[in-house]
Amino acid sequence: MEYSLYWGIEKTNLPLVVINFTDEIGKVSNLCFLIDTGATHNILFTYVYKHFKYKFKLLDEEQSIMGIEGEYKETPVIEATFNFEGQYYTSKFSVYDATEAMKQVQEETGVQIHGVLSITFLIENGWIIDFEKLKIIIKDE
């Protein structure tokens, strides 16, 4: 399967994907995630976690991640399942407060980003980023 990154690149100069979370009554929410090949941890931003708290499984662990300011922070870890292009994925996410940075991106681009998919996620799920063609190529299992 292939997915175009054109919209996100054109709008924000960032590789973005829209994923779907479905709540227990079947309501679907679309969330926008940045693909960051330099990130080692998936991240769900705090304001999203607070809004969808009931949808995630809080794990009994923490991760130390380097924040946007370059300082290490301990973050709670959750497990989340989401749908992308008809395929379900379950992964761990650090819950991180990046309100100010994301507010700036939203003001500049009009796009709200809800989290980050890291290189770990890409490798675990066979996602290949072709920046020349602005595509994600997802290997069939």
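Reply: Begin with burial: a residue is called buried when its relative accessible area is under 20% and exposed when that area is over 50%, with partly exposed in between. Please keep in mind that this is a predicted model.

Me: Is S118 buried or exposed by that reading?

Reply: S118 has a relative accessible area of 0%, so this residue is buried. Its place is in strand 8, residues 115-118.

Me: Which residues does S118 touch, not counting those up to four places away in sequence?

Reply: S118 touches D36, A39, T40, H41 and N42. One of these contacts is also a strand partner, as D36 has S118 as its bridge partner in strand 8.

Me: How do strand 3 and strand 8 run, and how many bridges join them?

Reply: Strand 3 and strand 8 run parallel and are joined by 4 bridges. Strand 3 (residues 28-36) also pairs with strand 2 (residues 16-22), in the antiparallel sense and over 7 bridges. Within that pairing, I19 has L31 as its bridge partner. As a general idea, side chains in a regular strand alternate between the two faces of the sheet.

Me: Next, helices. Which residues of helix 3 are buried?

Reply: M102, V105 and T109 are buried in helix 3, which covers residues 99-109. Viewed down the axis of helix 3, the buried residues fall within an arc of 55 degrees, so they line one face of the helix. The face turned away from that buried side carries the exposed residues E100, E107 and E108.

Me: What do the buried residues of helix 3 pack against, and what follows just after the helix?

Reply: They pack against helix 1 (6-12), strand 4 (43-45) and helix 2 (46-51). Just after helix 3, G110 takes a positive phi of about 80 degrees.

Me: How many salt bridges does the structure hold?

Reply: The structure holds 2 salt bridges. In one of them, the side chains of K135 and E2 meet at 2.8 Å, N to O. This pair links distant parts of the chain, with K135 in strand 10 (residues 135-138) and E2 in strand 1 (residues 2-4), 133 residues apart. K135 counts as partly exposed at 26% relative accessibility, and E2 is partly exposed at 49%.

Me: Where does the salt bridge between K92 and E61 lie?

Reply: The closest N and O atoms of K92 and E61 are 3.2 Å apart. K92 lies in strand 7 (residues 87-96) and E61 in strand 5 (residues 57-66), so the pair ties together parts that are 31 residues apart in sequence. Both ends are partly exposed: K92 has 41% relative accessibility, and E61 has 31%.

Me: Finally, how many aromatic pairs does a search of the whole structure find?

Reply: The search finds 14 aromatic pairs. Among them, F84 and W127 form a tilted pair, 5.0 Å centre to centre with 40 degrees between the planes. F84 lies in strand 6 (residues 72-84) and W127 in strand 9 (residues 127-130), so this pair ties together parts that are 43 residues apart in sequence. Both F84 and W127 are buried.

Me: Why is the pair of F121 and W127 edge-to-face?

Reply: The centres of the two rings are 5.0 Å apart and the planes of F121 and W127 stand at 85 degrees, so the pair is edge-to-face; the cut-off for that class is over 60 degrees. F121 is buried, as is W127. F84, F121 and W127 belong to one aromatic cluster, which also holds others, including Y3, F33 and Y89.

Key: Residues numbered from 1 in each chain as written. Predicted model: local features only at pLDDT ≥ 70, side-chain atom pairs only at ≥ 80, totals over all residues. Heavy atoms only, no water. Helix = DSSP H or I, 4+ residues; strand = E, 2+ residues; numbered from the N terminus. Buried < 20%, exposed > 50% of the residue type's maximum accessible area, 1.4 Å probe, protein only. Contact = heavy atoms within 4.5 Å. Salt bridge = Lys/Arg side-chain N within 4 Å of Asp/Glu carboxyl O. Pairing = 2+ DSSP bridges. Arc of directions from axis to C-beta. Phe/Tyr/Trp six-rings, centres within 6.5 Å; stacked < 30°, edge-to-face > 60°.
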